[in-house]
Amino acid sequence: MNCCITGLQWGDEGKGKVVDILAEKSDIVVRYAGGANAGHTVVIGDKKFALHLMPSGAVRPDIFCVIANGLVVDPECLIEEIQMLADNGIDLQSRLMISENAHMVLDYHKREDQLREDSLGKNKIGTTIRGIGPCYADKIGRSYAIRMGDLNDLARLEKKLEKTTAYKNKLFGALYGAEPMDAAVIFKKCKIYAQKLGAFLGDTTEFLHTSIAEKKSVLFEGAQGALLDIDHGTFPFVTSSSASSLGMGPGCGVPAKMVDKFYGIIKAYTTRVGEGPFPSEQDNAIGNIIREKGNEFGTTTGRPRRCGWFDAVAVAYSAAIGSINEIALMHLDTLSGLDELKICKSYSIDGKETDFFPANSDKLSRANCTYETLETWNEDLTSVKVFEDLPQNAKDYIAAIEKLTKTPITIIGVGPKRNQTIFR
Ligand code: GDP
Ligand code: IMO
Ligand code: MG
């Protein structure tokens with residue numbers, strides 16, 4: 001069975017934990033979009049792993065890991081991650097393949113990300129400064145793009161880097177008065193990348209099709225979330241990739257019809273990092289309580305996450321565009337003990353009520369939430385093992401989300417650990 005998991009909000013829904021759990025029944029885990037802007041947490045016993053590029057299945061010793069063509073790979077970050085896993089006794093030498101067609105994030109991409117964000121001041125996007133946008137821009141622009149497969153021909157890569165760095169230096173000098181970068185320094189690093197990553201490069205599309213034909217079970221791991229999708233999210237406050245499940249096909253060359261089940265991952269409330277509209281945001285005491293209880297600080301940047309009520313309009317939209325079959329609802333435990341509990345069930349925009357999410361930041365920033373108020377519960381949920389043992393008000397909360405999003409909730413998270421998970 002092949003499954004795909006994607007976030008249905010603005011990222012950080014708990015994808016890492018769900019992938020780790022579902023990986024138990026998989027042979028291969030594939031990352032197909034994004035880059036080191038992602039931060040996926042897997043907790044095993046008292047060990048916590050934060051993965052940025054490596055599929056979250058990596059922590060299980062028998063899983064084959066694929067970094068497919070749709071990613072922008074920062075080789076420095078990937079090498080550090082492989083080393084960090086090795087330091088924890090997790091060896092990837094014979095079970096990792098990186099697409100030769102994935103694009104490479106280099107120093108000038110991270111530099112541009114920083115320069116551009118700084119120059120925008122209060123109009124910034126609030127990116128992770130991981131060079132994501134500039135690298136995807138080079139991919140779409142084609143002429144100055146560098147792919148992982150370029151590490152296979154260092155002489156040709158040296159020439160490409162000279163041309164590209166000269167171009168970037170002109171641009172950054174003129175636009176930002178930035179100091180020039182040295183192509184030789186970047187090339188020197190690339191020689192190390194070739195040495196450390198060269199053996200992992202391959203044709204991941206061929207590998208995946210062959211594996212699926214052999215009835216291997218593949219788990220596709222989305223990064224970010226549908227509301228950060230470049231086309232279907234809250235543009236321009238999005239990431240630069242197709243972060244909804246629609247990005248899976250282009251991101252790894254496997255069509256959606258080969259996937260048996262699409263899981264959407266949600267948090268029992270809403271969070272967002274970076275700028276952009278967030279109708280159900282609680283920039284107040286409630287938001288602060290959720291942030292503290294849920295430990296809502298960025299896995300990649302450490303930034304405090306903006307917190308708010310669950311937005312069913314947004315999630316119903318993400319579930320619809322993502323052909324989501326089932327939902328995994330995480331962080332239900334975080335809502336225990338609140339004084340009030342609300343779900344946004346529709347928006348009022350320019351005096352009109354709607355329950356269809358507008359993927360348009362201008363329109364969305366004028367949306368006022370219409371809330372449904374639910375009964376709270378005080379019980380600690382972190383050791384609940386079966387659905388029947390949840391407090392009735394928590395069950396009613398789940399039922400309300402299922403009704404509004406028109407999607408069944410089959411996995412419930414009551415804590416960060418593997419065994420803090422309820423299956424229905
Ligand atoms: P991802 O980017 O979607 O993989 O999510 P992150 O790892 O960035 O953020 C999710 C955070 O919530 C991590 O710290 C997880 O360990 C934690 N987490 C996941 N599921 C649960 C849950 O059900 N309850 C609680 N309290 N924490 C959870
Ligand atoms: P995971 O996979 C939450 C957000 C950034 C910023 C916007 C653009 O852990 O859910 P970028 O660096 O991609 O150009 O930033 O997207 N963002 C995320 N927010 N979780 C993520 O990944 C994110 N990846 C990017 O905060 O608002
Ligand atoms: Mg994250």
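Helices (H or I, at least four residues) and strands (E, at least two) are DSSP runs, numbered from the N terminus. The structure is a predicted model, in which local features need pLDDT of at least 70 and side-chain atom pairs count only at pLDDT 80 or more, whereas totals for chains, interfaces and linings use all residues. Residues are numbered from 1 along each chain as its sequence is written, chains are lettered from A and ligands numbered from 1 in the order in which they are written, and side-chain values use heavy atoms, with hydrogens and water left out.

Asp 12, in the loop between strand E1 (3–7) and H1, has a positive phi of about 60° although it is not a glycine. Its relative accessible area of 23% makes Asp 12 partly exposed, given that buried means under 20%, exposed over 50% and partly exposed in between (1.4 Å probe, protein chains only). A positive phi, near 55°, is also found at Asn 295, a residue of the loop between helix H9 (285–294) and strand E13 (306–308); Asn 295 is partly exposed at 46%. The peptide bond from Phe 235 to Pro 236 is cis, with omega near 0°, and Pro 236 belongs to the loop between strand E10 (218–221) and helix H8 (248–252). Most residues other than glycine have a negative phi, and most peptide bonds are trans.

Ligand 1 is surrounded by 20 residues, a residue being near a molecule if one of its heavy atoms lies within 4 Å of it. The closest are Lys 15, Thr 41, Thr 299, His 331 and Asp 333. Helix H1 (15–22) and strand E3 (40–44) each supply at least two residues of this shell. Polar contacts (pairs of N or O atoms within 3.5 Å) involve several of these residues. A backbone N or O atom of Lys 15 lies 2.7 Å from an oxygen atom of ligand 1, and a polar side-chain atom of Thr 41 lies 2.5 Å from an oxygen atom of the ligand. An N or O atom in the side chain of Asp 333 is 2.8 Å from a nitrogen atom of ligand 1. Taken alone, ligand 1 exposes 590 Å², of which the protein buries 93%.

Eight aromatic pairs are found in the whole structure; rings of Phe, Tyr and Trp (its six-membered ring) pair if their centres lie within 6.5 Å, and planes under 30 degrees apart count as stacked, over 60 as edge-to-face and the rest as tilted. The rings of Phe 64 and Phe 207 have centres 4.7 Å apart and planes at 35°, so this pair is tilted. Phe 64 in strand E5 (residues 64–67) and Phe 207 in helix H7 (residues 204–213) are 143 residues apart, and the pair links distant parts of the chain. Phe 64 is buried at 19% relative accessible area, whereas Phe 207 is partly exposed at 22%. Phe 172 and Tyr 176 form another tilted pair, 6.5 Å centre to centre with 55° between the planes. These two residues are four apart in helix H5 (residues 154–176), and therefore separated by about one helical turn. Phe 172 is buried at 2%, and Tyr 176 is partly exposed at 25%. Tyr 317, Tyr 347, Phe 356 and Phe 357 form one aromatic cluster.

Note on methods: Polar contact = N/O pair within 3.5 Å; in protein donor to acceptor, adjacent residues only side chain to side chain. Areas by Shrake-Rupley, 256 points an atom, 1.4 Å probe, with all protein chains shown as cover.
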